[in-house]
Amino acid sequence: MASSSSLCCRFLCQPNTNSSSSNLSPSFAPKPPSASLSFSRCSTRALPSSNSATSLIVDEPDPVFSSVKSFAPATVANLGPGFDFLGCAVDGVGDFVTLRVDSDVRPGHVSISDISGSPGASKLTKNPLFNCAGIAAIAVMKMLRVRSVGLSLSLDKGLPLGSGLGSSAASAAAAAVAVNELFGAPLSVSDLVLAGLESESKVSGYHADNVAPAIMGGFVLIRSYDPLELIQLKFPGNAELFFVLVNPEFEAPTKKMRAALPPEITMSHHIWNSSQAGALVASVLQGDLRGLGKALSSDKIVEPRRAPLIPGMESVKAAALEAGAFGCTISGAGPTAVAVTDNEEKGREIGERMVEAFMKAGDLKAVAMVKRLDRVGARLVHSTP
């Protein structure tokens with residue numbers, strides 16, 4: 001039992017239980033804690049809970065396209081002190097899903113025909129029951145009550161696996177959007193997030209700090225998981241924000257990195273992280289990059305447990321700050337390190353110093369890229385009538 005000076009902290013994740021069923025019907029879908037989702041944009045409070053839009057869909061919709069192609073961006077989860085409740089989308093890098101009506105696929109089912117892209121993509125299963133894109137596609141088919149047509153899905157991975165950039169969430173978000181768009185986009189953003197969460201719960205745990213910003217774009221705060229309540233935080237359009245993302249040649253599986261977390265934390269650490277998360281949210285809304293960076297760098301609960309598992313990470317963070325970054329932390333579960341700045345050229349310089357630190361302190365090769373905030377989220381990029 002915890003003493004009066006400690007706070008019990010439960011990490012929200014579900015075990016990865018694999019179904020032995022070979023049925024690809026949309027009837028397969030893990031149940032989220034609640035069937036409702038509140039969604040507030042640029043607000044200081046979440047909207048009251050309301051029934052999911054899926055309850056309004058009675059008749060099966062007809063496809064409005066023969067094929068579609070969608071994109072979902074990379075994401076940075078946690079943002080330092082916001083473990084499992086803060087995340088944002090990153091522009092210019094992510095996953096693509098191509099989806100088409102296929103008469104060779106059994107009606108009401110989805111088949112994964114091809115997986116390509118980043119190194120390691122070939123390791124992913126084509127069984128849609130255990131593939132993050134397949135699970136999300138099935139969840140949306142279930143919401144739409146699709147029974148008359150079969151779908152064929154192709155996944156192009158732009159994100160490396162186990163990188164801390166929301167690889168599984170990007171695949172799930174792109175697939176959910178693709179199915180929805182193929183049938184005329186009748187579902188709400190809330191429904192798509194729930195579909196993505198069904199995928200995440202099977203692959204990496206029930207957490208929305210990747211899949212929500214992947215679908216919604218921008219910064220997202222998860223106010224509650226049961227019922228699920230999301231608040232989109234509006235970053236000022238006239239403020240310049242660049243993410244320096246440095247990905248080393250090292251895989252940090254989400255489950256392993258979550259297992260390293262403490263089951264309990266001290267009250268002092270709880271108070272500290274809560275205040276830093278509040279400061280981070282305020283900084284996002286105000287467009288205060290220095291404040292954002294300071295809060296981003298201040299996690300006392302998760303980063304101290306995960307950084308030692310990533311060779312050289314502590315030196316990489318020090319190098320980023322010394323080079324002029326406003327802040328630096330681990331992106332999601334890692335191993336990618338993320339720093340923030342307000343200048344793209346400065347970001348490249350910071351990235352070079354971080355790459356050097358990974359090699360010097362961790363003996364790891366790494367690649368740096370400088371990206372802006374993705375304010376749009378998952379979207380349709382091509383369609384064929």
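View 1. Helices (H or I, at least four residues) and strands (E, at least two) are DSSP runs, numbered from the N terminus. Of the 385 residues in the protein, 57% are buried, where buried means under 20% relative accessible area with a 1.4 Å probe, protein chains only. The protein exposes about 15800 Å², of which carbon and sulfur atoms supply 52%, with areas taken from the Shrake-Rupley method and a 1.4 Å probe. Among the contacts in the protein with a separation of 6 or more, 78% are between residues 24 or more positions apart, a contact being heavy atoms within 4.5 Å.

**View 2. The packing of helix α9 (residues 313-322) with helix α10 (residues 344-362).** Two packed helices are described by the angle between their axes and the distance between the axes. Here the angle is about 155° and the axes lie 8 Å apart, which makes α9 roughly antiparallel to α10, the term used for angles over 145 degrees. The axes are lines fitted to C-alpha atoms over the stretch in contact, and angles run from 0 to 180 degrees between N-to-C directions. From α9, the contact is made by Met-313, Ser-315, Val-316, Ala-319 and Ala-320, and from α10 by Ile-350, Arg-353, Met-354, Ala-357, Phe-358 and Ala-361. These residues divide into nine nonpolar, one polar and one charged, where Ala, Val, Leu, Ile, Met, Phe, Trp, Tyr, Cys and Pro count as nonpolar, Asp, Glu, Lys and Arg as charged, and the others, Gly among them, as polar.

**View 3. Leu-99 in strand β4 (residues 86-101).** Leu-99 is buried, with a relative accessible area of 0%. Not counting residues up to four places away in sequence, Leu-99 touches Ser-66, Ser-67, Val-68, Leu-151, Ser-152, Leu-153, Ala-178, Val-179 and Leu-182. Although Leu-99 and Val-179 are 80 residues apart along the chain, their C-alpha atoms are separated by 7.2 Å.

**View 4. Helix α7 (residues 289-296), largely enclosed by the rest of the structure because six of its eight residues are buried.** The buried residues of α7 are Leu-289, Gly-291, Leu-292, Gly-293, Ala-295 and Leu-296. They pack against β7 (219-225), α6 (267-286), β11 (327-330) and β12 (337-341).

Residues are numbered from 1 along each chain as its sequence is written, and side-chain values use heavy atoms, with hydrogens and water left out. In this predicted model, local features need pLDDT of at least 70 and side-chain atom pairs count only at pLDDT 80 or more, while totals for chains, interfaces and linings use all residues.

How values were computed. Angles under 35 degrees count as roughly parallel, over 145 as roughly antiparallel, 65 to 115 as roughly perpendicular and the rest as oblique. Buried means under 20% relative accessible area, exposed over 50%, partly exposed in between (1.4 Å probe, protein chains only).
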